[in-house]
Amino acid sequence: MTHSLHRSGNIESQKKDFVWFMYQTQGVNDKNIKPSALEFIAAAEECGSENWGDVKTGPITKYSVEEIKDKITDKSRLRGVFTRKEQVVEFLEIVKSKDTGMSVVISGVLSEVIPTCKDAGVTPHSINYSLGIWGKKDNLPDDVTLSVTTMCGHHMIPPKFVNHIRNQVEKGRLSAEEGAIKLANFCYCGIFNQVRCSDIIKENIKS
Amino acid sequence: MTVINEKQCNGCKICQIYCTVDAIIYNSEDKKCYVDQDLCTECYVCLRQKVCNRGAIEPIELDNFYKQFQHGMSDPVENHGVTGVTGRGTEEVKTNDVSGRVKKGEVGIAIDMGRPGMGVYLRDASKVAMAIAKVGVELQSAEHTPLAALMKDVKTGELIEDCLNYHLLSVIVEGKCAENKLKDVLGALQEVEKQIDTVFSLGLILRVDEFGQTKALACLDELSIPQPYWGKVNMGLGRPLSLD
């Protein structure tokens with residue numbers, strides 16, 4: 001799946017959006033992954049990963065860290081987000097030193113991500129490049145809504161729910177941060193960047 | 001199959017804002033909501049988020065292979081039966097440092113049909129798969145990517161008729177070609193994008209040098225396709241490392 005590849009929105013906003021993945025390869029290192037997963041979680045927490053989760057349980061915005069850790073199985077997928085390049089460098093340094101043999105992927109604006117490789121002493125192997133949206137675009141939601149919904153690449157966040165949350169914030173019934181958490185809870189993987197989402201909501205509500 | 005129990009529904013319409021593809025319709029005559037089964041992708045957001053406090057939204061057994069496939073592709077919590085991978089069931093670039101699926105001199109093609117958020121009828125996925133197969137893309141086999149299980153022949157990409165009218169939140173058309181074929185493939189995609197009733201998001205997977213660069217994307221300029229600024233970088237930390 002390429003669910004972190006096609007995030008959209010203002011480029012400066014996207015520069016504060018990095019997605020990390022630990023990935024096991026089927027038939028190679030996909031058994032007894034829990035010790036490696038716990039190493040990745042420890043590294044993510046040490047670097048202050050703003051959101052993370054396991055698609056089999058859900059994100060930390062909704063579930064406790066202990067519950068997510070307890071439920072890790074070989075079918076789990078650990079992912080999360082950072083908002084600063086420095087976090088990515090530190091994370092890469094730690095997971096490199098742990099040498100778990102798991103694949104590590106960072107999605108983000110390439111002009112931000114590529115320098116982290118050199119800083120962390122890792123050599124990029126392959127890149128999946130986003131060439132954007134093709135086809136019949138007439139019925140897509142507006143750009144602001146898309147910049148939120150595309151942060152859950154599986155599109156578990158309904159566009160109408162984004163508008164609902166924006167309305168609630170405009171009416172003062174929710175803070176932008178509370179609204180962003182409600183949206184993050186729809187993304188089971190934990191790759192929804194609620195910090196960036198909160199900024200997007202604040203920038204686009206009618207005051 | 002997801003349905004709304006009309007005895008439980010009070011027509012409040014709250015559930016409509018939780019549907020990813022606007023498949024929950026309000027009938028003003030009987031003042032109830034119902035699920036448009038042609039549009040519903042079985043993503044189960046309405047069920048997992050328990051959006052109806054009267055419990056009117058109910059799952060009904062997915063009683064054929066295509067319904068199960070539809071649900072498996074639309075709900076990322078599910079693992080695909082053959083590939084064992086969650087989401088749309090493919091590892092693509094994420095494990096390329098170990099799997100070596102895309103090698104030097106090759107381009108991996110990952111076409112996220114229906115994405116972002118529009119959904120896709122499999123008839124459109126069939127058109128796109130056939131278009132790229134025709135210009136030399138080697139489509140991934142069923143061992144690696146779920147959609148291949150619905151193809152008459154992975155050499156042509158044509159999907160079997162019985163599945164064509166199923167609506168999925170997303171599904172990936174995946175394959176690879178030689179770098180020198182990339183321009184032809186992109187040209188074919190520029191043609192077929194005019195023939196489908198939805199969108200797709202396109203990803204190109206490439207081996208890169210130690211500085212994270214590749215010359216293979218130069219052909220984008222010739223086709224007036226903007227150079228990519230967002231990517232998913234495999235950091236080469238998986239072991240054993242594929243050097244191909």
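Predicted model: local features only at pLDDT ≥ 70, side-chain atom pairs only at ≥ 80, totals over all residues.
Trainee: What does the secondary structure of chain A come to?

Mentor: Nine helices and six strands.

Trainee: How does its radius of gyration sit against the globule rule?

Mentor: The radius of gyration of chain A is 17 Å, close to the 17 Å the rule gives for 207 residues, so the chain is as compact as a globular protein of that length. Along the principal axes, its C-alpha atoms fill a box of roughly 50 × 35 × 30 Å.

Trainee: And how much of chain A counts as buried?

Mentor: 57% of its 207 residues.

Trainee: What share of the contacts in chain A comes from residues 24 or more positions apart?

Mentor: 72%, counting contacts with a separation of 6 or more.

Trainee: Domains next. Where are the bounds in chain A?

Mentor: Domain 1 covers 11-120 and domain 2 covers 143-202. Their centres, taken over C-alpha atoms, are separated by 21 Å.

Trainee: How many residues are in contact between the two?

Mentor: 19 residues of domain 1 of chain A are in contact with 15 residues of domain 2 of chain A. On the domain 1 side, the elements giving two or more residues are β2 (51-54), β3 and β4 (78-82) of chain A.

Trainee: What kinds of residues are on that domain 1 side?

Mentor: Six nonpolar, seven polar and six charged.

Trainee: Take β1 and β5 of chain A. How many bridges do they pair over?

Mentor: Five, in the antiparallel sense, between residues 18-23 of β1 and residues 103-109 of β5. One bridge to look at is Y23(A), whose partner in β5(A) is S103(A).

Trainee: What about the bond from R239(B) to P240(B), cis or trans?

Mentor: Cis, with omega near 0°. P240(B) comes in the segment after β11 (230-234) of chain B.

Trainee: Why point these out?

Mentor: Because most peptide bonds are trans. Likewise, most residues other than glycine have a negative phi.

Trainee: So what is phi of K31(B)?

Mentor: Near 55°, a positive value in a residue other than glycine. K31(B) is found in the loop between β2 (24-27) and β3 (32-35) of chain B.

Trainee: Is K31(B) buried or exposed?

Mentor: Exposed, because K31(B) has 12 C-beta neighbours inside 10 Å, and the cut-off for exposed is 12 or fewer.

Trainee: And where is K50(B)?

Mentor: In the loop between α1 (45-48) and β4 (57-59) of chain B. Phi of K50(B) is also positive, near 50°.

Trainee: Why does K50(B) count as exposed?

Mentor: Because K50(B) has 10 other C-beta atoms within 10 Å.

Notes: Residues numbered from 1 in each chain as written. Chains lettered and ligands numbered in written order. Helix = DSSP H or I, 4+ residues; strand = E, 2+ residues; numbered from the N terminus. Buried ≥ 20, exposed ≤ 12 C-beta atoms within 10 Å, placed from the backbone. Rg over C-alpha atoms; globule rule 2.2 N^0.38 Å. Contact = placed C-beta atoms within 7 Å. Pairing = 2+ DSSP bridges. Domains from an automatic or database assignment. Nonpolar A, V, L, I, M, F, W, Y, C, P; charged D, E, K, R; others polar.
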